[in-house]
Amino acid sequence: MERVEQVGVLGGGQLGRMLALAGYPLGIRTALYDPEPAACAGQVAPLLSAPYDHWHLLQQFVQDKQCITYEFENVPLRTAQWLAERVPVRPTPRALELFQDRLSEKRFLRDSGIPVPRFAEVDIAKPLSALESVGCPCVVKTRRFGYDGKGQVVARSEEQFLQAVRLLQAQPLIAEELVPFDREVSVLGVRSLDGEVAIYPLVENHHREGILRLSLAPAPNASEQVIAAAQEYVTRLLQSLDYVGIVAIEMFQVGEQLLANEVAPRVHNSGHWTIEGAETSQFENHLRAICGFALGSTAPRGFSAMVNLIGELPPVEKVLAIPNAHLHLYGKQPRPGRKIGHITIRADSPGQRNNLLEEVFALYPPGRVCPSRPHSSQEHAQG
Ligand SMILES: Nc1ncnc2c1ncn2[C@@H]1O[C@H](COP(=O)(O)OP(=O)(O)O)[C@@H](O)[C@H]1O
Ligand SMILES: [Mg+2]
């Protein structure tokens, strides 16, 4: 196999930035492609800025790359397929195709034997049949381009459901039952070119206004049964798609059951803690996988918490004065609702982790969510 020395990354946001940074010690050079000239990964690696259908510049972009990956799942499928005719694209563009659309995503999961909430395609000509199959309360979502809770509306009555459909109907829609979950968790797995699979510990996630605020890893009080189910689901997904790279499955935990909500065919926000909190970070393991190397250990190094910095920054010098606090700033202009950095706390016991987390929360109240008392699902799902 040709040795991979240069990787092209479609998308130049913070995920691309952290991928690029992880490449340096391995001697893997990355270059980013993003229509936005100010994309923040361009501060740490070469960035080519052009539309995703600028075939001439894409041709130039692939020229010296041995492999292409993506950090953004809304890269046009056509672009990924076009590139895949020239150079290996990992993970496969098939993953983009499946997981860009919430309907094909949920069907794929269901058909793979991975439990999902009740869902139905919304037919604009007769929307109430979707409501009949999912029940009330429910969530109406655009099938494509949703992120951080955008493009979703919760409905608690037939009238609200019809209102939600009217509001969003410019785009194809899906309806899902509103799951009264006990908590949200995610599982990140990685598969190498040789078919080796490694899985990170289950993560507990807290969202507010549809945006991830806090992740705890390993997820506190996860039973053997729940951990085994998560591992089985992610392994099945990786193997059935002949997948290469990192994948994340976001899930709702209800009692001892897991229901899959979303799949991200890329490195994921709920895996940022792995930079300090695992033996090998998700970013390094993604590069190892797509470049044809053996995977690194996914074992946790103690107990971690990751707090997203959204819209505004805490006093940086005070964060850095907290023991075992690791600050990551993405070089993005602060804007309401925008992810501009994160803090990871790494500790040797859950108690120490919680104490350090309290110190972070004292500086950064917007990040405050209470791990022991998850918000109700009503507060999570907002349009
Ligand atoms: N069917 C559902 N039942 C309960 N809560 C939901 C449901 N769908 C979404 N949510 C809440 O909204 C958040 C964002 O929804 P998600 O489908 O993950 O979209 P995205 O992350 O792409 O914005 C979820 O993490 C969860 O808190
Ligand atoms: Mg999500």
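A: One may begin with contacts, where two residues are in contact if their C-beta atoms, placed from the backbone, lie within 7 Å. In this protein, 63% of the contacts with a separation of 6 or more are between residues 24 or more positions apart. The model is predicted: local features need pLDDT of at least 70, side-chain atom pairs count only at pLDDT 80 or more, and totals for chains, interfaces and linings use all residues. Residues are numbered from 1 along each chain as its sequence is written, while chains are lettered from A and ligands numbered from 1 in the order in which they are written.

Q: How many helices and strands are there in the protein?

A: Helices (H or I, at least four residues) and strands (E, at least two) are DSSP runs, numbered from the N terminus. The protein has 13 helices and 17 strands.

Q: Is strand β1 largely enclosed or exposed?

A: A residue is buried if 20 or more other C-beta atoms lie within 10 Å of its own, exposed if 12 or fewer, and partly exposed in between, with C-beta atoms placed from the backbone. Of the 5 residues of β1 (residues 6-10), 4 are buried, so the rest of the structure largely encloses this strand.

Q: Which strand is joined to β1 by 5 bridges?

A: Two strands pair if DSSP finds at least two bridges between them. Strand β2 (residues 29-33) is joined to β1 in this way, and the two run parallel. Leu10 has Tyr33 in β2 as its bridge partner.

Q: Which residue of β4 is the bridge partner of Val7?

A: That partner is Cys67. Strand β4 (residues 67-70) pairs with β1 in the parallel sense over 4 bridges.
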